Amino acid sequence: MKLIITGFLAGFIATTVPATTAAKAEDMVFTSWGGTTQEAQTKSWAEPFTAASGIKVMQDGPTDYGKLKAMIDSGSVNWDVVDVEMDFAIKAAKDGLLEPIDFKTVPKADLDPRFTTDHAVGSFYYSFVLAWNKGAVSGEPAGWADMFDLTKFPGKRTFYKWSAPGVIEIALLADGVPADKLYPLDLDRAFKKLDTIKSDIVWWSGGAESQQLIASGEATFGQLWNGRVFALDKDGADVGVSWNQNLTAADVLVVPKGAKNKDTAMKFLAAASSPAGQAKFAEASGYAPINTKAKAEMPADAVKSLPDAHVGGQINLDMNYWAANRDTIAARWYAWQAK
Amino acid sequence: MDETVRAVSSRSRVAVMSVETRRNFGTVRVPAGLNGLLPALILIMLFFVIPVLALLLRSVTEPEPGLQNYAALLGDGTYARVFFNTFLVAALVTVATVLVAFPVAWMLAIMPSGLASIIFGIIILSMWTNLLTRTYAWMVLLQRTGVINRTLMTIGVIDHPLPLINNLTGVTIGMVYIMLPFMILPLVGTLRAIDPMTLRAASLCGASPFQAFRRILVPLSLPGVAAGGLMVFVMSLGYFVTPALLGGTSNMMLAEMIAQMVQSLLNWGLGSAAAFILLVVTMVLYALQLRLVGARRTSGGI
């Protein structure tokens, strides 16, 4: 008898505790990557949204795909809107992890079609650019090929640590592959090229780390998100930047399957992707808006620092290719890194 | 990971011991004893046994039933290298920790107790400081443009910065620093229990200080060294933060690989299999420790 009661109690506690600590019906939870980006998202999207609708937006983070999958698998989804990388979103939609976007609530007409899918609306888009510490580099690196030239540009170079669109493409471009012939990616050729500088690579795993490496001269140059270079420059760091063959990729906003406040989430997406929300966020972060009408609402000098001002030679990383090949590339990537 | 393992084993040990004590009271009272134990048993089942079983289950059912995850882990050169690295780092850290901790522990053991408790306080305080903070501090010290390299270059000892970070050196330095208290504390207990008269007797019998150290002090302190050493080794096996921040990608350790499988590859079957192998290795080592050192020494030393 006691066993039954205790078991019942345990079950009772297990089912009720998450419910009481989770958000009230109207409130919602927004999850992103933390740092200056999430701060800008809170200020540009969540606060105006709360002011207009009275719905509280709680912030959580950082985004963690393992946690996201665990929530969906266990049927207890505490996140309503999540900022994820676009290639992950395409893959996750295929695996049935995401709610379809309700485009009756979210106006689609002005959204950049490059970054909109049935299960995701763009959060912002960015470019990988070549940045360097002016004090530590003699001369000006002109493009990705210079990152592989150890005689002309000695020193440590920093790249994004995780398997994601970007580094493979950079290696191929540096090896002379024309921009329109990048896909399907020739992994053997890319890793062979990367092997030539492997011992001089310092990996960065987060935006703040990439800034710290360049600003301190720990790495003399590297592949950075344009928003991070923008922030370094604003802080007065002596950084140079080359937009030559800048590589665009995007973060998108998704609603996990089974999210508790799906309808509220859709309303939030409408606000976040609106021209005003996108303009505010772009101005604060230096990342580009995914709403084509947003630029009209931004000050002219803020527009100048966006990836949109550097479309000459700009290359769009192929998110669909990456979504389809994410696992195979990742397996090879990590095996190569561990060598 | 390592914390969980230790918690599981120490808790189940407590449970087993109380079962035995109860039994000594006579068979009549067994039902009552079981009733008293129920909450503890349920707690252990809910939070320790079931999750571990679920982990094991996942490792043989995802993505499909079978042992393919274990086959992949044990048959692949990359994973083999990660396993090797994990043991290499754990072994290096253990040896270095023993070498650094022994003189400190000896000093603490023979020091006047007032001063010793101050030093103890400092060591404990460092344990209480956030792990991430301490690891970041090492990053600042060890990097190419860091304090150590700058100083050495300014005084002209070296021309080029030494590679102290993103490699085995960095991981070892950072981890030894973090593991030191776990070695010093049990060691001091053992060393304090050694009668100083044995050393005096050795020198009276004509032993040189080194002989006294090697033939008297070292053998007598072995239980403490073994207890602390195994604890450091087992903790190092599952370490995550320090290797991730101070190591390079080519000396990745198991915990980091598991995190990668779970978080970015979403391959939970493979991650579970790796975690389960780590768990089994840790348990075997723990059993070995219990057998070699005796349960009382291990728990008493800390």
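Biologist: What are the conventions for numbering, lettering and confidence?
Modeller: Residues are numbered from 1 along each chain as its sequence is written, while chains are lettered from A and ligands numbered from 1 in the order in which they are written. The model is predicted, and local features need pLDDT of at least 70, side-chain atom pairs count only at pLDDT 80 or more, and totals for chains, interfaces and linings use all residues.

Biologist: How many helices and strands does chain B have?
Modeller: Helices (H or I, at least four residues) and strands (E, at least two) are DSSP runs, numbered from the N terminus. Read along the sequence, chain B follows the pattern α-α-α-α-α-α-α-α-α-α-α-α-α-α. The count for chain B is therefore 14 helices and zero strands.

Biologist: Which residues of helix 12 of chain B are buried?
Modeller: A residue is buried if 20 or more other C-beta atoms, placed from the backbone, lie within 10 Å of its own, and 31% of the 302 residues of chain B count as buried. Helix 12, residues 254–263, is mostly covered, with eight of its 10 residues buried. They are B:Leu254, B:Ala255, B:Glu256, B:Met257, B:Ile258, B:Gln260, B:Met261 and B:Val262.

Biologist: At roughly what angle do the axes of helix 4 and helix 10 of chain B cross?
Modeller: Axes are lines fitted to C-alpha atoms, for helices over the stretch in contact, with angles from 0 to 180 degrees between N-to-C directions. The axes of helix 4 (residues 77–110) and helix 10 (residues 209–237) of chain B come within 9 Å and cross at roughly 145 degrees.

Biologist: How do the residues of that contact between helix 4 and helix 10 of chain B divide by class?
Modeller: Two residues are in contact if their C-beta atoms, placed from the backbone, lie within 7 Å, and those taking part include B:Val89 and B:Val93 of helix 4 and B:Gly228 and B:Val232 of helix 10. For the classes, Ala, Val, Leu, Ile, Met, Phe, Trp, Tyr, Cys and Pro count as nonpolar, Asp, Glu, Lys and Arg as charged, and the others, Gly among them, as polar. The division is nine nonpolar, six polar and no charged.

Biologist: Which element of chain B gives the most residues to the side that touches chain A?
Modeller: In total, 20 residues of chain B are in contact with 22 residues of chain A. Helix 2 (30–61), helix 4 and helix 12 of chain B are the elements that give two or more residues to this side, which by class has eight nonpolar, 10 polar and two charged residues. The one that gives the most, with four residues, is helix 2 of chain B.

Biologist: What distance separates the centres of the two domains of chain A?
Modeller: Domain bounds come from an automatic or database domain assignment, which for chain A gives domain 1 (24–125 + 251–308) and domain 2 (126–249 + 311–338). There are 17 residues of domain 1 in contact with 21 residues of domain 2. Taken over C-alpha atoms, the centres are separated by 26 Å.

Methods:
Buried ≥ 20, exposed ≤ 12 C-beta atoms within 10 Å, placed from the backbone.
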